[in-house]
Amino acid sequence: MGRFAQLGNDLHSGQRGIDFVARRLVLYAVSAVLIAIAVFGLSYKGLNLGIEFTGGTQYRVPVASATQDDADALRQAVLDSGVEGASNPIVSTAGDDAVQIQVEPLSLEDAAIVTEAIVATANVSADDLSQEDIGASWGRQIAERALVGLAVFIVLVVLFIWAYFREWKMSVAALVALAHDVVITVGVYAFTGFEVTPATVTGVLTILAFSLYDTVVVFDKVRENTAAMRESRKSYRQAANLAVNQTLVRSVNTSLVALLPVGAILYVGAVQLGGSSLQDLALALFVGMAAGTYSSVCIATPLLVDLKNTEDEVKLAEKRAKARQRAAADPYASVPNFADDMPIHNDPGVEPPSSR
Amino acid sequence: MARKTARPGRTLVVFFLVMAIAYGLVALAGTWKPTLGLDLQGGTSITLRAEGDPGEEALDQARQIIDDRVNGSGVAEAEVTTQGGNEIVVEIPGENARNLIETVQRTAQLRFRLVACSTVDGRCATTTGLPEGIQIDPSTTLPQDESQDGGQDGGQDGDQSQGGNNRAALGAWARLSDTQGDGADGADGSGGSGGQGDENSNGNRNRNRNGNGQQSPYDACIAAAADDETTAEPLSWIDNPTTACVDAFSQFQASGGCQQGATSVMGDDPATPLITCDEDGIAYLLSPAMIEGTQLDDAGAAIPQQQVNYVVTLSFDGDGTEVFADISNALVGTEKQFAIVLDGQVLSAPTMEGRILDGNAQISGDFNETTANSLATSLRYGSLPIAFEDQPLVETIGPSLAGDQLSAGLTAGGIGLAIVMLYCLLYYRGLGTVVIASLFVAAGITYAMVLLLSETANFTLTLPGIAGIIVAVGITADSFIVYFERIRDEMRIGKSMKVAVEAGWKRARNTCLAADAVSLLAAVVLYVFAAGVVKGFAFALGLTTIIDLVVFFWFTHPMVSWLAKYRFFNKGHRLSGLSPETLGVARTATGGNA
């Protein structure tokens with residue numbers, strides 16, 4: 001713990017640190033590849049939409065006295081039938097004498113397999129099963145209203161970040177990081193083939209909120225450091241990079257604290273329960289929150305520096321910082337009779353930006 | 001600021017008092033277990049079967065409207081689906097959802113019509129004295145000051161008492177039913193009985209006509225009204241109603257009228273006149289509809305200032321506002337009424353008390369909170385395009401998740417949070433106890449809020465909801481982490497703990513306020529715009545964000561300030577989490593500046 005604590009102090013003072021900004025091209029490339037994979041998965045495999053979105057078929061199975069055990073047994077039987085559209089059946093008792101089973105729309109052969117599994121388990125004849133088409137409970141209107149809400153929120157949050165930090169470039173960087181997180185999360189769903197349910201939608205929205213939240217926390221430190229750019233005699237990129245490093249301990253701690261419970265749910269959902277709606281949701285949250293912390297540090301801040309680098313003041317500060325560095329590297333540079341490249345030890349307090 | 005920090009103990013005491021009050025409320029509500037959602041506990045399923053063949057589009061539209069009604073606040077997480085082409089299935093968490101059937105089923109077709117006459121004002125009663133076969137000239141019989149027979153006297157009494165009440169009535173409109181008792185009494189007392197006899201003979205006449213194989217008086221009314229040019233101008237039509245309709249109205253009264261329990265003998269067609277009743281058994285002859293319920297922009301339930309009874313407030317859209325202003329101009333200062341007709345029944349037949357030109361009006365009457373809200377909800381979420389058969393199939397449904405999922409999810413979340421606490425303790429040592437205490441407090445408040453909301457707002461916990469809350473508690477810990485890192489940073493640049501706690505607080509507070517503002521913004525915007533499960537999410541997000549801020553401001557910060565008084569922390573004990581070693585600075589650096 002002692003060494004770790006020392007690291008915390010060094011990160012704060014800037015004696016040690018990872019130059020995220022200098023390595024931004026690598027970080028961009030990593031994210032670009034991840035996003036490309038996600039987009040590929042989306043377009044190639046598509047999303048596995050649940051009954052709530054697609055509608056489906058409902059079977060009503062008469063049983064002598066309906067108990068939860070009957071429902072559980074039938075659910076297992078439908079799952080074991082291995083039919084793709086029946087991988088997430090919604091099974092519940094209905095009244096005292098029936099169990100209802102909802103599955104996605106099935107082909108004739110698949111329907112026959114499912115019916116057989118039900119008949120064998122419930123010990124009824126196929127004629128006793130009633131079967132009906134059910135519509136989607138997630139109507140188009142809900143989706144449209146949710147999208148309108150999202151659009152309004154995005155516009156407002158852009159304005160909010162702009163107003164709070166007095167910097168529209170931070171809004172842009174935060175939005176890019178947000179898109180990054182959401183696309184990657186949705187890509188995970190495409191690749192794993194997990195069913196997309198209304199709970200998934202709330203999961204993605206959680207990530208949306210978390211991603212912006214985390215970015216604002218990091219940017220708050222960036223703003224603080226860069227506001228003091230002149231006094232601290234740093235360039236914008238140095239100040240921003242220091243801010244990221246100073247909040248690095250927070251980022252690591254926060255992601256651990258947020259991810260540990262989700263990880264536990266994911267583990268229980270996937271390993272102990274063996275496939276459940278819980279596991280699908282936990283995976284989305286896990287990936288999305290990890291991406292959210294990552295993107296605040298590795299995407300949003302470097303991107304912000306890139307955007308800011310076109311500004312005259314920032315360029316000037318960069319020039320001054322370089323000049324100072326030269327001066328620090330060679331305190332006698334201005335003194336005649338000494339060579340320009342006279343070797344001297346690096347000042348530990350200054351991270352040379354052009355050293356890599 | 002200084003006063004606040006000087007008395008962190010007092011803030012803590014107040015905080016715990018408020019928490020105790022919250023739990024006191026929970027105890028009053030009497031439930032210690034939250035209402036679980038459909039997936040965990042099951043609920044009630046209502047299957048509504050449409051009359052006839054509604055068509056896919058209308059059925060889906062009805063599904064959407066019912067969805068809006070049951071999920072209006074977004075926290076109940078009811079599911080509404082179509083089934084088999086002519087059925088809508090509503091699944092509502094909890095077994096006591098049967099009282100929702102009324103809300104679900106109400107078709108809520110709201111129309112505004114004008115009153116030509118009613119059993120109370122008796123403006124059509126004069127027709128009863130006329131011989132059979134003679135066309136009535138309504139202009140000679142209808143204006144009240146010209147007709148002075150017995151039946152009309154009763155009506156006048158009624159009108160006067162109504163007018164008297166109108167001046168004292170609530171809001172912009174007075175509801176006639178408040179005064180109906182008086183009016184009806186007046187009619188009975190003074191000559192109303194004579195009129196009744198006349199009407200009976202009149203009714204016999206009409207029945208005879210029916211017996212002779214002619215069309216029913218109601219159909220005759222509709223047919224005649226269709227030919228009558230004034231039908232298109234309801235404002236003049238009420239002064240001069242189609243004769244056949246006046247006849248039909250008389251016959252309706254003669255055959256027992258509203259006493260027989262028939263609310264409406266005619267279909268509620270907006271283009272035709274309508275003979276119908278209200279809840280108190282008053283019969284009305286109404287003009288064709290002037291404003292449709294779809295022309296309402298919004299409806300709500302409220303208690304106007306300085307009043308005690310609920311009213312339903314209405315605001316019309318552009319066209320509705322214009323038409324309503326016309327009605328208002330024509331009716332103001334007269335005894336003429338207009339009628340608000342819901343599903344073919346007169347809900348209220350007020351007179352116009354003032355000119356309402358801005359399209360904002362209110363219905364006052366015998367509303368209590370529930371009935372006012374129910375009506376406002378029905379109006380706001382529109383009318384159903386289809387009617388349903390009576391006696392929907394209602395049954396109890398079981399949970400859709402296997403029984404072990406809830407306990408597994410809770411166990412997993414518990415284990416996860418325990419690891420989080422362990423980590424905080426290892427990393428932050430003494431301060432870790434503050435994190436753990438804060439997490440417990442946050443969890444405690446969240447639980448109390450969930451309990452209170454399940455009682456008051458039908459909030460239900462689904463499995464994804466529980467996962468969301470566990471995640472939210474994890475995110476709550478971020479505020480503390482931001483704060484503690486700030487304190488440590490301040491101490492690293494040489495401030496003493498007492499100073500660092502306050503300096504760090506100021507900076508951490510701003511950071512957390514900004515970040516939480518983003519979350520709150522998301523919550524509010526999504527709650528306002530979205531529907532269904534997204535609305536539920538927004539609600540939960542807003543709730544947990546506010547709890548985060550409350551705990552951070554009124555528990556964590558005073559707690560740390562309070563602890564800073566103790567040597568253990570402010571002298572940087574090895575286990576306090578603030579010792580020079582854990583901060584990674586040389587001891588002299590802190591000591592020197594302290």
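The model is predicted: local features need pLDDT of at least 70, side-chain atom pairs count only at pLDDT 80 or more, and totals for chains, interfaces and linings use all residues. Residues are numbered from 1 along each chain as its sequence is written, with chains lettered from A and ligands numbered from 1 in the order in which they are written.

**Surroundings of B:Phe338**
- B:Phe338 lies in strand β11 (residues 338-342) of chain B; strands are DSSP runs of E of at least two residues, and helices are runs of H or I of at least four, numbered from the N terminus.
- Residues touched by B:Phe338 include B:Phe112, B:Leu114 and B:Ile327, not counting residues up to four places away in sequence; contact means C-beta atoms, placed from the backbone, within 7 Å.
- B:Ser287 is 51 residues from B:Phe338 in sequence and 9.0 Å away in space, C-alpha to C-alpha.

**Contact between chains A and B**
- Chain A contributes 74 residues to the contact and chain B 71 residues.
- On the side of chain A that touches chain B, the largest share, 16 residues, comes from α11(A).

**Helices α8(A) and α10(A)**
- The axes of α8(A) and α10 (residues 236-246) of chain A come within 8 Å and cross at roughly 135°; axes are lines fitted to C-alpha atoms over the stretch in contact, with angles from 0 to 180 degrees between N-to-C directions.
- Residues making this contact include A:Val218 of α8(A) and A:Tyr236 of α10(A).

Methods:
Two residues are in contact if their C-beta atoms, placed from the backbone, lie within 7 Å.
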